[in-house]
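Subject: Structure handover

Hi,

Here is the structure for your files. Please look it over before reading on.

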Amino acid sequence: MQPQFLEKNFTFLFAFGLLIGLFFSFLYANHQILTGDQFQMLEKGYLGAYKGVWQSYGNAASAVGNVPGLLSALVVGIPLMFWDSPWAPMVLLIALHLASFLLFNAVIKQIFNLTIQLIFLFLYWLNPWFLFENVIYNPSYLFFFTALHFWSAYHMREDKSFGYTILHLLSIAMAMQLHYSWIILAMISLYLYVRGIIKINWFAVIAAFFITALSLIPYFQAYLSHPEIRQNPGNKDHARYIGWGLVHVYPIFKGIIYWFRYPSFLFSNTLSMYTNFDWLTSHPMMQKTVQYTYKGMIEIIGIASLWIVWKANYYSWKSIKPIAFRRSVSDYSQQQWLSMYALGAFIAILISGALSPIVFNYWHVIITFGVSLLPIIILIDSYISKDSKHVIKYLFIIILYFGLINLIAANDSKKYSYKADYSQQARQFVYQKFSNAH
């Protein structure tokens, strides 16, 4: 009876969920504490919008120099040319986050019923892992390109479409101009192609190659004339090398950990372990009591949720085990295709970890967040088909829990504070940098 209630009220619940997510998106955005990564993005964007100087490289990475390409400057600078406000690039970022969900949902609704669509809405769009990234730095843009990659790959299962192939390849190329984790998308594509479960239009490959190459010409010119963008000498990891992760193993292990953490309730320490609760009480002992209670709650619930994530991944793997590495598979269900896409992402994380010259932090593989939810919704769909009487109860508990975590994290965490005002910080930075330019 409960799924029927959800499906009967689907339109209202779906719209209501979207509005809640938008509220939290703007709340997070407004309370972000600007630091080095955000200042790099803002400087590039305002430099382009105010002076017409578009830097051909993105933010400095830990060990391998600045990210190639103009996109870091364009995603900030172009919105500013239409609306001279610090909120212009933030509105674009939030719109891209919404588009990322809608692209995932466009595939989900082809495979699952309305109840699963609602569950995916809450697990993706209202997830603290996702909403915590409403901050203006380069990894925050990756959700959209992952979603575009996933959506286009789904449509490449049967036809050698020029349009879907070029969008698929450009999603990788554009992610490359924002963050070095783009290699994960490329490895997923390689896995899907070798398996024969996506079809490639080679004219689109050629077109995408030339578009990408042309967009990178300014970067290659800067690379030759500016040695400082080739490497980040100020970072302790600069002496490491490609393949360091394979030798030292831990980066691979760290990547596996995040694959299981993203769908769980074991949120990043950045989100949950820096909450002071000074807005709740000024008494030191009470603050400590609330802090430890809050952090303990997240740890206990988070660790317990890992069991469900493990079970979901095992269930997903078991469903495709006979065909997981077969060269050409012609007989598979749409859910099995989702499982194979998720397997491709897991393998890509292992390869990325092996190649990495650094030890991963959570944002280094956040590009896989949406994909990591696929085994979960497959397991939930299986559960509902057998026993659906507790669906609304569980969904309601998750929504309340996510709401609590989001309210606290958006006001009191390492990256966000109720005392911070994004627009004020950005305007102050712009005034200091460009007071004579506009």
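This is a predicted model: local features need pLDDT of at least 70, side-chain atom pairs count only at pLDDT 80 or more; totals for chains, interfaces and linings use all residues.

Residues are numbered from 1 along each chain as its sequence is written, and side-chain values use heavy atoms, without hydrogens or water.

**Whole chain**
The protein chain has 20 helices and two strands (DSSP runs: H or I of at least four residues, E of at least two). Its radius of gyration, over C-alpha atoms, is 22 Å, close to the 22 Å from the globule rule for 438 residues, so the chain is as compact as a globular protein of that length. That rule is 2.2 Å times the number of residues to the power 0.38. Buried residues (under 20% relative accessible area, 1.4 Å probe, protein chains only) make up 55% of the 438.

**Surface patch**
M81 is in helix α4. It is exposed at 53% relative accessible area, where the cut-off is over 50%. M81 forms a nonpolar patch with F26, I78, F82, W83 and V91. Helix α4 (residues 71-82) gives the largest share, three residues.

**S272**
S272 lies in helix α14 (residues 269-272). It is buried, at 0% relative accessible area. A polar atom of its side chain is 3.1 Å from the backbone oxygen of S268.

Best regards

Technical notes:
Patches are made of residues with over 30% relative accessible area and no salt bridge: like charges are joined within 9 Å, nonpolar side chains (Val, Leu, Ile, Met, Phe, Trp, Tyr) within 5 Å. Accessible areas come from the Shrake-Rupley method with a 1.4 Å probe; for residues, only the protein chains shown count as cover. A salt bridge is a side-chain nitrogen of Lys or Arg within 4 Å of a carboxyl oxygen of Asp or Glu. A polar contact is a pair of N or O atoms within 3.5 Å; within protein, one must be able to donate a hydrogen and the other to accept it, and residues adjacent in sequence count only if both atoms are side-chain atoms.
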